[in-house]
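Biologist: I have the model open and would like to go through it with you. Could you start with the strands and then move on to the core and the surface?

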Amino acid sequence: MTTPENESDAEAPFCRAKALLSELLGLPQIQAAFEGQEASHAQRVYTQAPTLWLLVMQRLGGGLTLDQVVKDLIQNHSDILPENRRVTQGRLSENNSAYNKARQRLPVQRIEEFSHRVCDHLARRAEPAFLDHRVFILDGTTVTLPPTPGLKKAFPPARNQRGESVWPVACLMVAHEMQTGCALAPQIDPMYGPNNSSEPKQAKKIIDRLPENSIVLADSGFGIFSVAFHCQLRAKPFILRLTKQRYKAYIKNATLIEDAAGYRTYHLIWKPTAQERKKHPEFPVDAAVEAFIHQVDLENEQTLELVTSIEVDALSVGELYRRRYDVEFDIRDLKVTMDTENIRAKSVDTFMKELLGSVIAYNLVTQLRKQAAKLINVPPRRLSFSGVWTTFRYDLLYKECGTLQEWNHAFQRALVSASGRKLPNRKEPRSYPRLAHTRRQKSTKFQKSLRKSKRKGPAPPPD
C-alpha cells in the first residue's frame, strides 16, 4: 500500500480491513471480492463485506462470541461499515441480532469463493521447496460439533453395539504448503453414516485443487495405487509413504537399481491389483504408474519406505519426507491454537461459514509470519505461530489508527514485533506423551429437552 501523497489524503477515512488485505495479500481481485455488496439497502448496516470480515474476526479472536465481535466492531472497526446515519452518529446498537441475521443471510458460496481465492493466491505465491516445486502435505483430521438435529443429520455420530454416541463428527482433509504452512480450503465430509467418505476419496478432491507445479506428500494412509494414479492424471508428482506390508508386496514386481549404504532403490511399473480394480471400476485397462520405491535406513535401526514418481536419489526424498510432520503443527495451530475445534455453530450452513472463516484467519496469520520471517531472513516456520497471532491481534486489529500513514507505521511495527517471535533452538525436538483431548461436556443444553422428555415417558391415557 502506498503512502498518501498529501496530508488531506492521509486524513481521509479508510477501511483497516481493506488495508490489511492489501498489505498481506496484495491482489486487487481479492480486494474486489471482499468489497462486493448485495443490492443496496438504506437501513442495512451489515452488508456482505462487513459481515464476511466479522466472520473472519471471530476466528482471529479465537472464537469470539457474537456479543464480543459486535462490541469490537463498534469500538475498533466501524470504518468497515457502509455510510449510515447510525454509524456516523455513533448510535449503532451493540445488540448482536442484526449481525446474526446478516450472518445467516450471507450465502455460504460467497465466503467459500472468497476463501478459495485467498488460499489459492497464497499457495501460488509460495516459494519452491523441492526441485523448483511447491510441496503440499496432505493429512486428515476431525472436528466434533454440537449435537443439534441438523448437524447430527449431516455429520452422523459414531455408532457401536451400544447405540449412537453424542457428537457429530466432520472429517477434514487438509493440504498445507510446506514452506509457509498456508492452507487450502479443506475438503469436508461426514466421517460416519451412509454418506461418509474415506481419506483417499477426500485426497483426490483436494489434489484437483492444488496449484500447478505442486508435489503431493502424504503418509502411509495414502500410499495406495488409486491416489498415485490420480496424481498422475492431474500431472502432480507424488511422494507417499508405504506400509511395510505394501512395500514387501510391491518389491516382488520391482527391479533393484541401486543398493548402497543407507538405502535401496527399486524401479516399479505399478499396476492395480484385482481387488483394487474391483473397488475402482473406472480404472482403464492399461492403468499403470511408473514409480520408484526407496527404502531408507533410519538412526533408530528402523527403515522408511517411500514410493515416488520423481526420479531423484533416495536420501533426498527421505530427507524431504522428514518434514511431513510439519502438517501436524499446522493442524494444531488451526484447530487448537485458534480454537476452531470448538465452533459453536448449530446449523450446517453456519458451521461451514465459520470453518472457512477460520481458514482465512489462519492464512492471514501465516502470511504475516511469512513477511516477518523475510524481514530477518529466516524460514517462516522458525517463528512461533501463536506469537505472531498475538502480534496480529494486538498490533493490528486492536490498534487505533486514524490515517493511512498511521496504519503504515503500525504495520511496520507489527512486522518487527512478529519477527522477534522466534522459536528456541533445541538440540533435540521435544517429546510429548500421546494424550487424548478432553471431550466436550455431555451435559449440554442441546440434549436437555431430549432427556427431559424421555424421563417423563408417554402421557397417561385420559380417565
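**Strands, core and surface**

Modeller: Strand β10, residues 289-297, has seven of its nine residues buried, so this strand is largely enclosed by the rest of the structure. Please keep in mind throughout that this is a predicted model.

Biologist: Which strand is joined to β10 by eight bridges?

Modeller: That is strand β9, residues 263-270, and the two run antiparallel. Within this pairing, histidine 267 stands opposite phenylalanine 292 of β10, and tyrosine 266 has isoleucine 293 of β10 as its bridge partner.

Biologist: And how many bridges join β10 to β11?

Modeller: Six bridges join them, again in the antiparallel sense, with β11 covering residues 303-308. One of the pairs there is glutamine 295 with glutamate 305, the latter lying in β11. The two strands form a hairpin with five residues between them, and glutamate 301 in that turn has a positive phi of about 65°.

Biologist: Back to β9 for a moment: is it largely enclosed or largely open?

Modeller: Six of the eight residues of β9 are buried, so β9 is largely enclosed by the rest of the structure. Strand β9 also pairs with strand β8, residues 255-260, antiparallel and over five bridges, and in that pairing aspartate 259 stands opposite arginine 264 of β9.

Biologist: What sits in the turn between β8 and β9?

Modeller: β8 and β9 form a hairpin with two residues between them, and glycine 262 in the turn has a positive phi of about 100°.

Biologist: Changing topic, which residues touch the most other members of the largest nonpolar core?

Modeller: Those are Leu138, Trp270 and Phe392, in a core that has 97 residues. Helix α16 provides the largest share of this core, with ten residues.

Biologist: What does phenylalanine 392 touch, leaving aside residues up to four places away in sequence?

Modeller: With those neighbours left out, phenylalanine 392 touches Leu20, Leu24, Leu60, Leu364, Val365, Leu368 and Leu397. There is also a second, separate core of 17 residues, and its members include Val174, Leu217, Leu304 and Val312.

Biologist: Why does isoleucine 376 count as partly exposed?

Modeller: Its relative accessibility is 32%, and therefore isoleucine 376 counts as partly exposed, given that the partly exposed class lies between the buried limit of under 20% and the exposed limit of over 50%. Valine 416, with a relative accessible area of 53%, is exposed.

Biologist: How far apart are valine 416 and threonine 391 in sequence and in space?

Modeller: They are 25 residues apart in sequence, and their C-alpha atoms are 9.7 Å apart in space.

Biologist: Last, the whole chain: how many helices and strands are there, and what percentage of the residues count as buried?

Modeller: The protein has 19 helices and eleven strands, and of its 463 residues 49% count as buried. The protein exposes about 24,000 Å², of which carbon and sulfur atoms supply 49%. Among contacts with a separation of 6 or more, 67% are between residues 24 or more positions apart.

Definitions and conventions:
Residues are numbered from 1 along each chain as its sequence is written. This is a predicted model: local features need pLDDT of at least 70, side-chain atom pairs count only at pLDDT 80 or more; totals for chains, interfaces and linings use all residues. Side-chain values use heavy atoms; hydrogens and water are left out. Buried means under 20% relative accessible area, exposed over 50%, partly exposed in between (1.4 Å probe, protein chains only). A nonpolar core is a set of buried Ala, Val, Leu, Ile, Met, Phe, Trp, Tyr and Cys residues joined through side-chain atoms within 4.5 Å. Helices (H or I, at least four residues) and strands (E, at least two) are DSSP runs, numbered from the N terminus. Contact means heavy atoms within 4.5 Å. Two strands pair if DSSP finds at least two bridges between them. Accessible areas come from the Shrake-Rupley method with a 1.4 Å probe; for residues, only the protein chains shown count as cover.
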